[in-house]
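Thanks for joining, everyone. Please have the sequence and the structure open while I talk.

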Amino acid sequence: MIEAYKERYKLPVYAYTDGICASGGMYVTAAADKTFASDLSIIGSVGIVLGPIYNYSELMGRVGIKARTISEGKDKDMLSKVRPWVEGEDASLVKIGEETYNHFVDLMIKTRPHLSREKLVEEYGAQVYIAKTAQEYGFIDDGDASYSSALKELTEMAKIDGEYQVVRLKPRRQFLTE
């Protein structure tokens, strides 16, 4: 959606972090033309995780609990918690994990030109770093920014002179979820 916005309005998009920008946050900031963070921000975590997925079948057997699952379709009950797992039944999930991770790495390398694929995969992994280190490694452009300095640079890049308005979008309150 950010890419579509940039294309439609021909405007630069800058990202600013004052706190934690990890995993999903990194994925979102990949669409930014430039990324900023306050000095104590935590940046990184390029990786995926699924689970943990527990299996209680041995424990259930020891205490005399039995379970039955009715399912149709090969592997519909894959990784069931209540029966011993079958070798390879998790293959589709493993493949999804691999493909998602590779997509994430490819995206980061494409959009963060100072980030080395080899170092990202072999050295940095899904670790998180203080902003200055994240800048040094190529995760962000400026690891010692303030909101005001990032906004000033954005207005200069967008050639906005004079007064302007900053709009902050907040999600609507969800009555039932609260």
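How many cavities of 30 Å³ or more does the count come to? Before I answer, a word on the model, which is predicted, so to speak, by record: local features need pLDDT of at least 70, side-chain atom pairs count only at pLDDT 80 or more, and totals for chains, interfaces and linings use all residues. Residues are numbered from 1 along each chain as its sequence is written, and side-chain values use heavy atoms, with hydrogens and water left out.The count comes to 1 cavity, a cavity being a set of points on a 1 Å grid over the protein atoms alone where a 1.4 Å probe fits but cannot get out. The largest cavity holds about 30 Å³ of space, the volume being that filled by probe spheres set on the points. Its lining, meaning residues with an atom within 4 Å of a point, includes T35, F139 and I140.

R112 touches these three residues, along with A32, G138 and D141, leaving aside residues up to four places away in sequence; contact here means heavy atoms within 4.5 Å. R112 sits in the loop between α4 and α5, helices being DSSP runs of H or I with at least four residues, and R112 is buried at a relative accessible area of 3%, where buried means under 20% (1.4 Å probe, protein chains only).

Turning to α4 itself, the buried residues there are G97, F104, V105, M108 and T111. Seen down the helix axis, they fall within an arc of 150°, so they line one face of α4, the arc being taken over directions from the axis to the C-beta atoms. That buried set packs against α2 (24–29) and α5 (117–124).

Technical notes. On a 1 Å grid over the protein atoms alone, a cavity is a set of points where a 1.4 Å probe fits but cannot get out, and a pocket is an open set with protein on both sides within 12 Å along at least five of seven lines; lining residues have an atom within 4 Å of a point. Buried means under 20% relative accessible area, exposed over 50%, partly exposed in between (1.4 Å probe, protein chains only). Helices (H or I, at least four residues) and strands (E, at least two) are DSSP runs, numbered from the N terminus.
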